[in-house]
Structure formats: structure tokens, C-alpha cells
Amino acid sequence: MALDPVRVGIIGTGTISKIYLENAPKFGVFQVVALADIVLERAQARAKEFGVAKASTPDELLADPDIELVIN
């Protein structure tokens, strides 16, 4: 029985987020579906760079019912 990947949001789109996003495809157990940063433009740029559908503020990400796990 195959499980659906856990839908993950990442808060903070600085240097470490790039490492997370580069390595995320290696693991089938989760999928990064949203990024957030206190500077929305940074979240939008990183989301575009890695093809992540959602970019938002941290409060918006935390309120998103589609996010099952948050990496901060």
C-alpha cells in the first residue's frame, strides 16, 4: 500500500531553504507545496526557482489547511 506524500510548508526562504528544496525530491515521503517568508517577495522568488505552487507570509502558511507539516 502506497501512502500519499506529506504536504510540507517551509517557513524561511534563506540559504538553508535552498538546500532543503534541492534535496526534497530525493525523498518520496513528503512534498514541499508551499514556502513562506516575512518578506513575501523572497518566498515568491524561491517558489518560482523551485516550482513550488504557493508562496505566502508565515501566518498564511500556518493557517493553510492543506499543509500537514511545517519546517521552520
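**Entry 1: ground rules.** I note that the model is predicted, that local features need pLDDT of at least 70 and side-chain atom pairs pLDDT 80 or more, while totals for chains, interfaces and linings use all residues. Residues are numbered from 1 along each chain as its sequence is written, and side-chain values use heavy atoms, with hydrogens and water left out.

**Entry 2: the sheet.** In what order do the strands of the open sheet stand? I found four strands in the order E3-E2-E1-E4, with parallel pairing. Strands here are DSSP runs (E, at least two residues), as are helices (H or I, at least four residues), both numbered from the N terminus; two strands pair if DSSP finds at least two bridges between them. E3 and E4 stand at the edges with a single partner strand each, so one side of each lacks a neighbour in the sheet. From one strand to the next, the twist averages 30°; angles run from 0 to 180 degrees between N-to-C directions, with axes as lines fitted to C-alpha atoms, for helices over the stretch in contact.

**Entry 3: strand pairs.** I looked up each pairing in turn. E1 (residues 6-11) and E2 (residues 30-36) are joined in the parallel sense by six bridges, and Val-6 has Phe-30 in E2 as its bridge partner. Between E1 and E2 the chain passes through helix H1 (residues 15-23), and this β-α-β crossover is right-handed (with the strands pointing away from the viewer, the path from the first strand over the helix to the second runs clockwise). E1 also pairs with E4 (residues 69-71), in the parallel sense, over three bridges; there Ile-10 is opposite Ile-71. E2 and E3 likewise form three bridges in the parallel sense, with Leu-35 opposite Ala-55 in E3.

**Entry 4: helices on the sheet.** Which strands does H1 touch? H1 packs on the sheet and touches E1, E2 and E4 (contact means heavy atoms within 4.5 Å), and its direction makes about 160° with that of E1. H2 lies across E2 and E3, at about 165° to E3.

**Entry 5: Ser-56.** Is Ser-56 buried or exposed? Ser-56, in strand E3 (residues 54-56), counts as buried at 10% relative accessibility. The classes are buried under 20% relative accessible area, exposed over 50% and partly exposed in between (1.4 Å probe, protein chains only). Leaving aside residues up to four places away in sequence, I list its contacts as Leu-35, Ala-36, Asp-37, Leu-40, Ala-43 and Leu-61.

**Entry 6: salt bridges.** I count five salt bridges in the structure, each a side-chain nitrogen of Lys or Arg within 4 Å of a carboxyl oxygen of Asp or Glu. Side chains of opposite charge can pair when their charged atoms come close.

- Arg-7 and Glu-68 meet at 3.8 Å, N to O. Arg-7 is in E1 and Glu-68 in the loop between H3 (58-63) and E4, so the pair ties together parts 61 residues apart in sequence.
- Arg-46 and Glu-49 meet at 2.9 Å, N to O. They are three residues apart in H2 (residues 40-50), about one helical turn. Arg-46 is buried at 13%, whereas Glu-49 is partly exposed at 44%.
- Lys-54 and Asp-64 meet at 2.8 Å, N to O. Lys-54 lies in E3 and Asp-64 in the loop between H3 and E4, so the pair links parts ten residues apart in sequence. Salt bridges with shared partners join Lys-54, Asp-64 and Asp-66 into one network.
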